[in-house]
Amino acid sequence: MTRRLAVAAAGLLLAVFPLVVSNQADQNIVILSLVLAAGAVAVNIMGGYAGYYSFGEAVPFGVGAYTVAVLAEHAGGSPFLWLPVAALASGGYALFVGAVAVRGRGHAFVVLTMVALLLVQFVATQWQDLTGGPAGLPLPTLGWDRDFQNWPFHYALLALLAGALLLSARLRRTRLGMGLLAIREDEDKAATIGIGTHAYKIVGFVLSAMLLGLDGGIYAYYAGFVDPVDTFSLVLSGQLLLAVLLGGAGTRYGPVLGAFLLELIDYYGNQTFGGGNARLFIVGGLMVVVVLFLPTGLLPSARAWLRARRARGTASAVGRRLADVEPGGGALVVRARRAEPDAREPLLRVEGLRRSFGGLRAVDGCSFEVPHGSITGLIGPNGSGKTTTFNLIGGTMRADAGHVWLSGECIDGLPPWTRAHRGLGRTFQLTRSFARLTVLENVVAPYSPHAVTSADRAEELLDFVGLHGFRDQPCGSLSYGQRKLVELAQVLMLDPTLVLLDEPAGGINPRLVERIAGLILALNQRGITFLIVEHNMPFILELSDRVLVLARGSCLASGTPAEIQRDPLVRDAYLGDELTGQGHPRP
Ligand code: ADP
Ligand code: MG
């Protein structure tokens, strides 16, 4: 409520500002702030949502600026009319560069986009006929009365800012927005729940660039000229980035707040220190301060402080966390897509899988099958390659050799999200739910073109795993075992035929272990096949129809739980006496 009031007040203030304040220097500060704010909201889409920060954001901005300048120079007409072309040009740039840069993560992405900036700057400097070379290009002047000449720019930018804010707020609630947030939290995990990460990042990059192109186009007209060095500048990239980080990355209004503050700081800094290199120093210094002392930005810090103050004295959330979590019940309709009834083929067939890390053969000629409708256990000592085998089946890791068939189809070379779309779900040994998203958002995030991945379905699944009461809490505040249940619900969202569980009972309390066993049985009865890695022997021997034993990266034995317990080879390699009831657990 207070936020709405504050936003409405700020909007009103900006709407009447040029009408009330006629001083052109003051109008100039607000216009520059709006330029930075609209740009920062755009940068927030890739940076704040997807976690992809770059130092190349000045490029789409500059491409927009140059597009408007070049077209006004060579084709004539009002620069405002060329703005849609500016957006398309910047979007085109992002599509081209994004297709390459988005494959690099973290530092690689930063470096690639920075190289792109220098390349584009070089082209703008060299291509004299089109761009005017190092001297740049002038833009036509707006023939309005001097008293009102800032108005069109002010209102165009205000409209752009409002549009960008609206878009990014809507985006937050779309599949694309959820996907970008999931990528920020954990990109590999996102890929395993069906999110086509490359495509999502490219679309986010293009959207962000189109907004920046519009912003740059309006700015160029306002500034009256473009030149390569000031347009494609690292300082501008830095300012855009800093505005986002200062205000609060990933928040709706943080980038706007950051932009206005930064512009003020920049303005008074220039006045005091005479501009030039002082700006570099201010942007760089402030960035260090923000990253070190205000890592979440102003708005989230303020929010956290307010929440902490309010929470003092009231009962903490811990009581709730410890409260009993009961499964919602058996009403869940599982729509396991029954695989094509090809009786000759098992649901999963793995043949001769190999994967080495340096000299270590983690998976070494591993072959096995998982029959339709089974609960198959996969056991083996620590380091025998169980998790790596899961990674190879799920596609988060490439095999050096070998093949994987799902329902008779070879899935080698398919990306993780396509495997997820084909009905393959997996959870991770160390749970990888998205800590900063709510429990409900975590379960809404997965995507499959073949499954109903709606919010209603997510609530149904949360109810099924017994976590409905936690739907609006950030997932990071849940216990380890509860996060395992969230991961299970995420996987179920894909309507999987085969679910790989990596130590579902590891490190959680016994009551929750029983709960998970119950859920697995219930889901299996509804047609879902399981392959389960687990060290808890009573758990796995009780649940499984068949057990596979892995040792040093290959499948040593397979059979019913009873057969496995009797197998002397297996007992030697792994089980020991404790499991056959003939000895005592080692102290
Ligand atoms: P398990 O799940 O059966 O305990 P893992 O598949 O995790 O075994 O590991 C098998 C072996 O491969 C271990 O020796 C482990 O240290 C090694 N290993 C696993 N992942 C990597 C990696 N990403 N880089 C290097 N070594 C790895
Ligand atoms: Mg493991």
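How many helices and strands does the secondary structure of the protein chain come to? It comes to 25 helices and 12 strands, where helices (H or I, at least four residues) and strands (E, at least two) are DSSP runs numbered from the N terminus.

Before going further, please keep in mind that this is a predicted model, in which local features need pLDDT of at least 70 and side-chain atom pairs count only at pLDDT 80 or more, while totals for chains, interfaces and linings use all residues. Residues are numbered from 1 along each chain as its sequence is written, chains are lettered from A and ligands numbered from 1 in the order in which they are written, and side-chain values use heavy atoms, with hydrogens and water left out.

Taken along the principal axes, the C-alpha atoms of the protein chain fill a box of roughly 95 × 60 × 45 Å. Of the 587 residues in the chain, 51% are buried, meaning under 20% relative accessible area with a 1.4 Å probe and protein chains only. Among contacts (heavy atoms within 4.5 Å) between residues at least 6 apart in sequence, 76% join residues at least 24 apart.

Let me turn to ligand 1. The residues around it, each with a heavy atom within 4 Å, include Phe 357, Pro 381, Asn 382 and Lys 386. Strand 4 (360-370) and helix 17 (386-394) each supply at least two residues of this shell, and helix 17 gives the most, with three.

As for polar contacts, which are pairs of N or O atoms within 3.5 Å, a polar side-chain atom of Thr 388 lies 2.5 Å from an oxygen atom of ligand 1. For the side chain of Thr 387, an N or O atom is 2.8 Å from a ligand oxygen, and for Ser 384 a backbone N or O atom lies 3.3 Å from one. The protein covers 61% of the 550 Å² of accessible area that ligand 1 has on its own, with areas computed by the Shrake-Rupley method and a 1.4 Å probe.

Finally, consider Gly 136, in the loop between helix 6 (128-131) and strand 1 (137-138). Is Gly 136 buried or exposed? Gly 136 counts as buried because its relative accessible area is 11%. Leaving aside neighbours within four places in sequence, Gly 136 is in contact with Tyr 66, Thr 131, Val 226, Asp 227 and Pro 228.

Notes
A polar contact is a pair of N or O atoms within 3.5 Å; within protein, one must be able to donate a hydrogen and the other to accept it, and residues adjacent in sequence count only if both atoms are side-chain atoms. Buried means under 20% relative accessible area, exposed over 50%, partly exposed in between (1.4 Å probe, protein chains only).
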